[in-house]
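Keep the sequence at hand as you read.

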Amino acid sequence: MKKSILLVSISLLMVIVAAWTFRNDEQLYNLKVGTPEIKSITSLAFGPEGILFIGDSKSASVFAVNTKDNESTSEAAEINIEGIDIKLASMLGTTTENISILDLAVNPVSKKVYLSVEAADGSPVLLSIVGDKISPVSLKDVGYSTVLLNNSPAEDAKDNRGRSLRISSISDLGYSDGKLFVSGLSNQEFSSTFRSIPFPFTKTQDQASLEIFHAAHGRYETTSPIKTFTTAEINGQEYLIASYTCTPLVLFPLDELKSGKHIKGRTIAEMGSGNQPLDLVSMEKDGKSYLVMSNSNRPVFLVDYQDIENFEGSLTEPVTESYATEGVDFVSMPLTNVQQLDKMEDGKMVMLQRKSNGSLDLWSTKEAAYLPR
């Protein structure tokens, strides 16, 4: 009898400890357990300890989801999945014409790759990839929190071409030093916006409006959103490094991007009109740092951070010749039609690329391949 009571007591204690551990784990980031109402997964970025930030442009919100994918891996598994769109379509019971891969992000802890996919009916799907194994990621009964972006465009707001402005409420996400960074559009007069939001989420949102000189267009602009960005230390100061359509490269001091401020960026390069930047990451090799950018209508660009540090002044005059470049030097890498990329570890990237044979492949580079020797 005493043994039975003892066993019951131990079992009850184990349940209580497990429940407290789970609750404490979720409360660590002010998370609650439930099923988030995510309407779209247009942007992805990882935060601390397996927290995945999901940018939902349709609802102008960002969700922080605990993937519980926080087991550290010393070396990323090699990836080489040919015809990934065909495989994804088969998993979803449809055809490749009815799916779109919207974003890709690598968990820096586990090195696992995450993909956001949209079906023809607009349904969002989240997937994870290790090696050649593709797995659905359930968003049911997960730890999560959400933040609704202030001053976002209305759901029915259109630009002068009839395109939705709400979909550009989030153009890119990033995380650094306890803050979630969000680029996109607002409903304000100067609509190009950069938000800095503390994580765990609070009611605080630092929202600055942005202005750049776009050399290819020959004018100052305040209504075009950043397309992709990263952050880096340049000459001892932290900067937002941003690129826009047609393809200016612009620096903004992070400490100046405060709530209510209107900030003019320093345009350091014009990388060619008729192009849209798709992804921007920082890579390292042999103690040197490089900026890597994938593009819609150009090869992948490589910029040496030393050249950025050495560049003085800014571009303030129009670049009138079509497709001409100006400012900081960059190199075109032997990689074309790269639709998405992210850093897996130092010197190693993962890329979603439409190959010359028409196949859409997800593959990882070898250690330090494609970086200068």
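Strand β20 (residues 266–270) runs antiparallel to β24, and 2 bridges join them. Ala-269 has Gly-327 as its bridge partner in β24. Strands count as paired if DSSP finds at least two bridges between them. Strands here are DSSP runs of E, at least two residues long, and helices are runs of H or I, at least four residues long, numbered from the N terminus. This is a predicted model: local features need pLDDT of at least 70, side-chain atom pairs count only at pLDDT 80 or more, and totals for chains, interfaces and linings use all residues. Residues are numbered from 1 along each chain as its sequence is written, and side-chain values use heavy atoms, with hydrogens and water left out.

The β20–β24 pair belongs to an open sheet of 5 strands. The order is β16-β17-β18-β20-β24, with antiparallel pairing. Which strands stand at the edges? They are β16 (228–234) and β24 (326–327). Each has a single partner strand, so one side of each is left without a neighbour in the sheet.

Another open sheet of 5 strands has the order β1-β10-β4-β3-β2. Its pairing is antiparallel too. Here β1 (32–34) and β2 (43–46) stand at the edges. Each has a single partner strand, so one side of each lacks a neighbour in the sheet. Ala-45 stands opposite Phe-53 in β3.

Val-147 is found in strand β10 (residues 142–148) of this sheet. Is Val-147 buried or exposed? Val-147 counts as buried, at 5% relative accessibility. The cut-offs are under 20% relative accessible area for buried and over 50% for exposed, with partly exposed in between (1.4 Å probe, protein chains only). Val-147 and Phe-53 are 94 residues apart along the chain, and their C-alpha atoms are separated by 11 Å. Leaving aside neighbours within four places in sequence, Val-147 is in contact (heavy atoms within 4.5 Å) with Ala-60, Ser-61, Val-62, Ile-197, Phe-201 and Gln-205.

Now turn to β8. Strand β8 (residues 124–130) is mostly covered, with 5 of its 7 residues buried. β8 pairs with strand β7 (residues 113–119) in the antiparallel sense over 6 bridges. Val-113 has Ile-129 as its bridge partner in β8. The hairpin of β7 and β8 has 4 residues between the strands, and Gly-122 takes a positive phi near 90 degrees. β8 also pairs with strand β9 (residues 133–136), again antiparallel, over 4 bridges. Val-130 has Lys-133 in β9 as its bridge partner. The β8–β9 hairpin has 2 residues between its strands. Gly-131 in that turn has a positive phi of about 60 degrees.

Charged pairs come next. How many salt bridges does a search of the whole structure find? The search finds 7 (a side-chain nitrogen of Lys or Arg within 4 Å of a carboxyl oxygen of Asp or Glu). One of them joins Asp-85 and Arg-354, with the closest N and O atoms 3.7 Å apart. This pair links distant parts of the chain. Asp-85 sits in helix α2 (residues 84–91) and Arg-354 in strand β27 (residues 348–354), 269 residues apart. Asp-85 counts as buried, at 11% relative accessibility. Arg-354 is partly exposed, at 30%.

Arg-163 and Asp-159 also meet through their side chains in a salt bridge (2.7 Å, N to O). Arg-163 is partly exposed, with a relative accessible area of 46%. Asp-159 is partly exposed as well, at 21%. Lys-355 forms a salt bridge with Asp-361, where the closest N and O atoms are 3.4 Å apart. Lys-355 is partly exposed, at 28% relative accessibility, whereas Asp-361 is buried, at 4%.
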